[in-house]
Amino acid sequence: MNINDITSPADLRGLTLGELQVLAADLRKVLLDKLAAHGGHVGPNLGFLEATIALHYVFDTPRDKVVFDVSHQTYVHKMLTGRMRAFTDPAHYDDVTGFTNPDESPYDLFALGHTSTAIPLASGLAKARDLQGGTENVVAVIGDGSLSGGQAFEGLDYAAELKSNFIVIVNDNQMSIAENHGGLYDNLTLLRDTNGTASCNYFRSLGYDYVYVPYGNDIEALVRAFEGVKGSTRPVVVHVNTMKGEGYAPAESDKETFHFSGPFDLATGSSPAATEGYDDIFAEHMLDAMSGDDRVVVLTAGTPGAIGFTPGRRERGGRRFVDVGIAEQQAVSMASGLAKGGMRPVFGVCSTFLQRAYDQLSQDVAINRQPAVFVTFYGGVRGMNDATHLGFFDVPMISDIPGILFLEPTCRGEYLAMLDWAVAQTGCPVVVRTPAGRIIDRDGDFAVDYATAPYEIVERGDKVAIIGAGNFLQLALDAAALMRDKGVTPTVINPRYVSRLDTATLDGLRGYDTVITLEDNSIDGGFGQKVAALLGDSPVKVHCLGLPKAFPDRYDARQLLADAGLTPAAVAGLVK
């Protein structure tokens, strides 16, 4: 059939198995054409392509409920549920998000971008069905990498008690974003090696029935397995052995690179050479620190590439580079334990994922005053722009936890100085927010004690002060240049940290007419409001500018900044 004629899964259900195999080949070609031109999650979608077809062929979606964990593997699901044009027509490539989105389709039940939540969410759907006397199937699709997250275990543990229809499909491609880590994966290996017959079975031990599919890209075998569990009256796991990147040789041979990729040459798999970024600076600096101090340990929670630790750098780090799997709570608490044990732990993590471990930051780290170091990446407007991956909320989330010092470097030199100071000190836990965007070099006195240092006065003026935190110091400088053109000479301040106030410097601004704060994070609960509160009993007018408290999806950074008044001209225009 012509794939452009597919408007819903109902269009599949009259096809023969042979026709489904032809359809799979057609979908794979269309998918690769889009991915090569547009970029996206390559390996996960190629690997789960046949299973997606079989899911919609067997189950009566959307009456039967399917929840995709993370949902970065749902491109084919979108193609089969009325959104084909977003994959066949380049003019419409951006019509859909890279994750499930209920605003797009009734087949998308939740907006999901973080890991290990599908089983708990699906358990709620199943319990709601049971309480209301429903009969639909409830299916959770989860990758083996996501099983390392504690919430996946919590969901599996609870859902076994349902004693009713609950189907978990484990997409086992032997990979997380990079390689898997944790003892669980020895059992998955055993199950694969024994064709699912081993008596030691993680899923059976929790009370699940178990079905194994040895080649998870075989549509006939998948259809047979799914038909066998459809209508099950007990919780059951279908363990599907797939190939990440199936059908595209470069993605099969380099699974980590092709987990997510920008545009690439379809014939060769090659991409434009990457320029140096702050992730590279961080990784090389940490490797130098590790070679100079055998107490330094670098941790990641399943995202080593995001913090610059390529396979070669991981090898150089040896036993003191620790990947705990996709388990941020484990990483934060482990960092506290490492610090208590006399080591100097540094946990590199994407800003959006650190919010998964708020309680551990508060309880295990801050209350216990352990000097662990947390380095966040992709924070602010220049980070990831999917609604599920925003880096807007790390400052409001963390800066109000007592005892944590949150540092915001403005350039390369300050970033390295803050990293060195954070690792060397033992007085408190420290968060260092990695700068976003192009690498900036500027002069300054960066070798200071950040626990006691005052704000940095970058340019001295009078009557008007602009306080530009982290990524937005450059915005402050650009706005100041426009003000000087109009005869106003502002003071420009780099606050260095956003979890406490330099009251001495701020008290010195009480005689000013205007103070403007600029912060690259959600404005509500942020740094600027603390400044405004301190100066609230003085005549000075305080303007707090930052990002909206919202979940913008696939936004244009320049437009979002303009809408928030975060352009040099708009900032300069605040001074009349």
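Tutor: Gln329, Val332, Ser333 and Ser336 in α14 meet Gln360, Leu361, Asp364 and Val365 in α16; contact means heavy atoms within 4.5 Å. Helices (H or I, at least four residues) and strands (E, at least two) are DSSP runs, numbered from the N terminus. This is a predicted model, in which local features need pLDDT of at least 70 and side-chain atom pairs count only at pLDDT 80 or more, while totals for chains, interfaces and linings use all residues. Residues are numbered from 1 along each chain as its sequence is written, and side-chain values use heavy atoms, with hydrogens and water left out.

Student: At roughly what angle do the axes of α14 and α16 cross?

Tutor: The axes of α14 (residues 328–340) and α16 cross at roughly 15° and come within 9 Å. Axes are lines fitted to C-alpha atoms, for helices over the stretch in contact, and angles run from 0 to 180 degrees between N-to-C directions. The crossing angle makes α14 roughly parallel to α16; angles under 35 degrees count as roughly parallel, over 145 as roughly antiparallel, 65 to 115 as roughly perpendicular and the rest as oblique.

Student: Is Gln360 buried or exposed?

Tutor: Gln360, which lies in α16 (residues 358–367), is buried because its relative accessible area is 12%. Buried means under 20% relative accessible area, exposed over 50%, and partly exposed in between (1.4 Å probe, protein chains only). Not counting residues up to four places away in sequence, Gln360 touches Gln329, Val332, Ser333 and Val365.

Student: Now α3 and α10. How do their axes cross?

Tutor: The axes of α3 (residues 49–58) and α10 (residues 219–229) cross at roughly 40° and come within 9 Å. That makes α3 oblique to α10. On the α3 side the contact includes Ile53 and Leu55, and on the α10 side it includes Leu222 and Phe226. The residues of this contact divide into ten nonpolar, no polar and two charged.

Student: Which residues of α7 are buried?

Tutor: In α7 (residues 150–159), the buried residues are Ala152, Gly155, Leu156 and Ala159. They lie on the same side of α7, because they cover an arc of only 100° around the axis, taken from the directions from the helix axis to the C-beta atoms. These buried residues pack against α6 (118–132), β2 (138–143), β3 (166–172), α9 (202–205) and β5 (235–241).

Student: On to the loops. Which peptide bond is cis?

Tutor: The bond from Thr61 to Pro62 is cis, with omega near 10°. Pro62 is placed in the loop between α3 and β1 (65–68).

Student: And what is the phi of Gln174?

Tutor: Gln174 has a positive phi of about 65°, although it is not a glycine. Gln174 lies in the loop between β3 and α8 (184–193) and is partly exposed, with a relative accessible area of 33%.

Student: Finally, where does Cys428 lie?

Tutor: Cys428 is in the loop between α18 (412–424) and β11 (430–433), and counts as buried at 14% relative accessibility. The C-alpha atoms of Cys428 and Gly403 are separated by 6.5 Å, with the two residues 25 apart along the chain.

Key: Nonpolar A, V, L, I, M, F, W, Y, C, P; charged D, E, K, R; others polar.
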